[in-house]
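Open the model in your viewer and keep the selection panel at hand. The stops below go from single side-chain pairs to the contact between chains.

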There are 2 protein chains.
Amino acid sequence: MAATIRRQIADFSRQKRVHTGSLLISLFGDAILPRGGGAWVGSLIRLLEPLGVNERSVRTAVFRLTKDEWLYSESSGRRSEYRLTPSGERRCADAARQIYAARAPAWDHRWRQILVLSAFTQKERDVLRRALFWQGFGALGAECFVHPSADLASVFDALLVEGLGGLLSGLMPLVAADTSLVGTAGNTDLVSRAWDLREMARDYAEFVSVYTPVLVEVRGDPLATADDEEAFLLRLLLIHDYRRLLLRDPELPEQLLPDDWPGESARLLCKDLYRRLLTPAERHLDRVLRTADGGACPPPQPAFGSRFAEDDLLTTV
Amino acid sequence: MAATIRRQIADFSRQKRVHTGSLLISLFGDAILPRGGGAWVGSLIRLLEPLGVNERSVRTAVFRLTKDEWLYSESSGRRSEYRLTPSGERRCADAARQIYAARAPAWDHRWRQILVLSAFTQKERDVLRRALFWQGFGALGAECFVHPSADLASVFDALLVEGLGGLLSGLMPLVAADTSLVGTAGNTDLVSRAWDLREMARDYAEFVSVYTPVLVEVRGDPLATADDEEAFLLRLLLIHDYRRLLLRDPELPEQLLPDDWPGESARLLCKDLYRRLLTPAERHLDRVLRTADGGACPPPQPAFGSRFAEDDLLTTV
């Protein structure tokens, strides 16, 4: 494999603080969910080892994800398997709709709103603001959060899972529409007030600048990039980085974004690179991914092949 | 006329600070709008004189109302007539729909919202909050105002007339609906957070306690209350007091109000008393109200008779 690709993997391994839990969520959502949703813990350790994640980190992380109801464990003899819970599966599927979308969603011109109606403590407010920030919400003062498309039921479900269930009875979910009166502020003003898009734009631009040389290399010499394991690792890092960008991206409709918005370049780059890495990466998973009884995980579901594909161009990979 | 009624009129006359402008708006909306919308300034002085309002106050007040585009003046020889402007007429008509409604309006389950999107100064925020308070809006923090039924175009028009046009480009009007998720806050929580209904309830209760003995007197001895001028003055004070209560009443739908809400008693009391006073009061207006050229104002429009009447019980008075 060429130098840029190897450097990308080495850079990740050298990071001081790897959030193994977050990386495992990327792995489950991207690679394990389409293959039945569960895997032997030994496979997980083996898959992440080349990224500098050790066995102890993986075991600690799956234990925490089990506590947080993302995963549950099943044993077969002395071997443990970790599987996505129904709510973990749903959350991965929700995220997947956004991550592997071929294009930005159309907007229904409705704002999703959460109003704060209780006198929360400052600490509760901070925790709430942070949790909603990570779900892409913008804030207007301390009492009003907005998002152009969030599924409010999933948002509240996520708050519940994050241990913020106690705040729910003080939060009111609404759906609102601009009434567009002459001379008053409108949707674009709401965007500039509720989000700091500069930081988001910077992060997208960085993603593009990191992965563009990788794509150039993969495109330039497809045979040299045929190392299955490195293709898998690169695919995992690509989706992990892209997923975390999308997490706090409000996915504003095109008409409300600045002209030079780099989110769409990032999407196209990610799509192109992902589809080129998929076949060798899946071969690696075929070899390594096992259930607790030592059997192979099921092959990917047919819908898997439509990731990043236009609706009218469904293809299998 | 009986003692209670006379005391009510005398009480008003003894007030230290009578807002003559506000009283004139009640007079124009209640008595002059249905009779063509204009009157000779001498008639206005004559009508208000028994309430302790002197000529100078009336002349100052009509001058101010002209500056504020409620009224405009027309001259006929040396006599001036003051007429409602088109916008003054519209505002009186809007208020009349609320004042003379036979019952509280049905709710469409939509909240009218105004979001503050500009970094206003503290002074601008205070002025805005006050202006919206007087239009019945509740506040959630400093950035979000709500009302169950306001006509947002009229609200912004009123802000413009009050000299707050400079703030409009920083205000976003929306219409929003509760999405009613299990375990989250809803419409009734929004009401308790955005309004202090106790003060409003106290003011309604006071209105009821002041006008109930008056109604008892008028009901008990209709012939003794046949003094046309006193009937007119009492009717004007009744509508003036009731109008100012309604001004800042958000007119919350019944299902969102406390069980013992006194607003409906106030409405029924006002309706009963108003209809009993109407005929003698109109006789007084027939005699006193003149245009600038000395002619009689037109008789009341037919729609006038339906004030406070159920839709299916339209009567002329």
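Select B:Arg59 and B:Glu55 in helix H4 (residues 55-67) of chain B; the two are four residues apart, so about one helical turn separates them. In this predicted model, they form a salt bridge whose closest N and O atoms are 3.0 Å apart. B:Arg59 has a relative accessible area of 43% and is partly exposed. B:Glu55, at 42%, also counts as partly exposed.

Next, select B:Glu282 and B:Arg35, a salt bridge with its closest N and O atoms 2.7 Å apart. B:Glu282 belongs to helix H11 (residues 263-288) of chain B, while B:Arg35 sits in the loop between helix H2 (20-32) and strand S1 (38-40), so the pair ties together parts 247 residues apart in sequence. Buried or exposed? B:Glu282 is buried, at 10% relative accessibility, and B:Arg35 is buried, at 3%.

Stay in chain B for B:Arg83 and B:Glu81, which meet in a salt bridge at 2.7 Å, N to O. Both of these residues are buried.

Now move to chain A and select A:Asp30, A:Arg35, A:Arg235, A:Glu282, A:Asp286 and A:Arg307, which salt bridges with shared partners join into one network. Over all chains, the salt bridges number 42.

Apart from its neighbours within four places in sequence, A:Leu27 is in contact with A:Ile32, A:Leu44, A:Leu47, A:Leu48, A:Phe232 and A:Leu236.

Zoom out to show both chains. Chain A can be laid on chain B by a turn of 180 degrees with a shift of 0.0 Å along the axis, giving an RMSD of 0.1 Å. That is the relation of a two-fold axis. To find the axis from chain A, select A:Ala176: its C-alpha comes closest, at 1.9 Å.

Finally, colour the interface, which takes 37 residues from chain A and 37 residues from chain B. Of the interface residues of chain A, 100% are also interface residues in chain B, so the copies meet through the same surface. The two chains bury about 2600 Å² between them, 68% of it on carbon and sulfur atoms. A:Leu117, A:Met172 and A:Arg193 supply 20% of the area that chain A buries here, more than any other three residues.

Which polar links cross this interface? There are eleven residue pairs in polar contact, but zero salt bridges. On the side of chain A that touches chain B, S7(A) gives the most, with eight residues.

How values were computed. Residues are numbered from 1 along each chain as its sequence is written. Chains are lettered from A and ligands numbered from 1 in the order in which they are written. This is a predicted model: local features need pLDDT of at least 70, side-chain atom pairs count only at pLDDT 80 or more; totals for chains, interfaces and linings use all residues. Side-chain values use heavy atoms; hydrogens and water are left out. Contact means heavy atoms within 4.5 Å. Copies are superposed by least squares on the C-alpha atoms of residues with pLDDT of at least 70 in both. Buried area is the accessible area (1.4 Å probe) that two parts lose on being put together, summed over both. A salt bridge is a side-chain nitrogen of Lys or Arg within 4 Å of a carboxyl oxygen of Asp or Glu. A polar contact is a pair of N or O atoms within 3.5 Å; within protein, one must be able to donate a hydrogen and the other to accept it, and residues adjacent in sequence count only if both atoms are side-chain atoms. Buried means under 20% relative accessible area, exposed over 50%, partly exposed in between (1.4 Å probe, protein chains only).
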